[in-house]
Amino acid sequence: MDPLSLILLSLSSIGTIIQNPVLGGGSSHKASEIVDLLAVLSALILKGHEGMEELKAFAAHVKTMADDGRAPNRSERDAVAAQVADSHRRLQQAKERILRGESPIPDGIPDDSPPTTGPDDPPLPEVTEE
Amino acid sequence: MTRLRRQPLLALLALLAILPVLHGCPGAYNPFKQAVTAEQKAYALYGTYSIFTKKMADLVETGTLPSNVSLGLIEAESRATPVVNKLSEALDQAVEIAAEVAAGRTSQEKYAIAITNLNKWITEADPLIRNVVDAYKGAKR
């Protein structure tokens, strides 16, 4: 088992123990908040791990740049600037949605559940392959 | 109230993902350590920041975080981005002046000034991140 999986399993196990009175935990409001916190920590660690892989690739890119003795070119700098600006825009939009009391999930992002229709809804169009 | 107290901790934890890059992370994961010149170091910082703000946006948009945690992350990004953008501007300026020097259109002194300015912004960004580490360690104690 790799260290990341071990950490996530540990956090999950702690959460289970805290929630379960049989295992010596409790079901108080405080305990549920700790479980909530552990879930968030797990998510942050997982995202951090994904970030590390991208980081490794980027570090290799910078090393090549240093080996070649060159400065970052315009397209490389523009690509980073565009990503920083895009992330900033997304975060600001998420902030506005949260402050309006809405979900931070952007419009147009389908959820994981399959589309359903109510009894009065028109049928979903059939998808045909061209 | 508990949630409000833990918000800074979580925000710092997320930002902490950036920190191994600069402090104590193995070289293979550390763009800053791979860089040699001021331009490369600035680019390494800037690119690292872009990777983690993108991850931060992805995380917030999942809708799985409590609202106050998401707002804490967004606030942290809002505070850091202006400094990072200044770093980016100084990088652009240094690279452009280097090209002018190579073409014989401007003096080496002008390039030296641009590099001094770039180093200033690199130095400006570094303690900002170190403060986050210290605050995180304090919150853990």
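Visitor: What share of the residues in chain B is buried?
Guide: This is a predicted model. Chain B has 141 residues. Buried means under 20% relative accessible area. By that cut-off, the buried share of chain B is 50%.

Visitor: Which secondary structure elements does chain B have, from the N terminus on?
Guide: Chain B has zero strands. Its helices number five. From the N terminus, the order is α-α-α-α-α.

Visitor: How much of the accessible surface of chain B belongs to carbon and sulfur atoms?
Guide: The accessible surface of chain B is about 6,500 Å². The part from carbon and sulfur atoms is 56%.

Visitor: Which residues touch the most other members of the largest nonpolar core?
Guide: That core holds 33 residues. Helix H2 (29-68) and H3 of chain A each give two or more residues to this core, as do helix H3 (38-61), helix H4 (67-102) and helix H5 (108-140) of chain B. The residues touching the most other members are Tyr43(B), Leu87(B) and Leu118(B).

Visitor: Which side chain of opposite charge is nearest to Arg97(A)?
Guide: Arg97(A) lies in helix H3 (residues 74-99) of chain A. Arg97(A) is buried and has no salt bridge. A salt bridge needs a nitrogen-oxygen pair within 4 Å, and the nearest side chain of opposite charge is 4.3 Å away. That side chain is Glu61(B).

Visitor: Which backbone oxygen does the side chain of Arg97(A) reach?
Guide: Beyond four places in sequence, Arg97(A) is in contact with several residues, including Ser103(A), Pro104(A) and Ile105(A). Its side chain reaches a backbone oxygen at 2.8 Å. That oxygen belongs to Pro104(A).

Notes:
Residues are numbered from 1 along each chain as its sequence is written. Chains are lettered from A and ligands numbered from 1 in the order in which they are written. This is a predicted model: local features need pLDDT of at least 70, side-chain atom pairs count only at pLDDT 80 or more; totals for chains, interfaces and linings use all residues. Side-chain values use heavy atoms; hydrogens and water are left out. Helices (H or I, at least four residues) and strands (E, at least two) are DSSP runs, numbered from the N terminus. Buried means under 20% relative accessible area, exposed over 50%, partly exposed in between (1.4 Å probe, protein chains only). Lys and Arg count as positive and Asp and Glu as negative; His and the chain ends are not counted. A polar contact is a pair of N or O atoms within 3.5 Å; within protein, one must be able to donate a hydrogen and the other to accept it, and residues adjacent in sequence count only if both atoms are side-chain atoms. Contact means heavy atoms within 4.5 Å. Accessible areas come from the Shrake-Rupley method with a 1.4 Å probe; for residues, only the protein chains shown count as cover. A nonpolar core is a set of buried Ala, Val, Leu, Ile, Met, Phe, Trp, Tyr and Cys residues joined through side-chain atoms within 4.5 Å.
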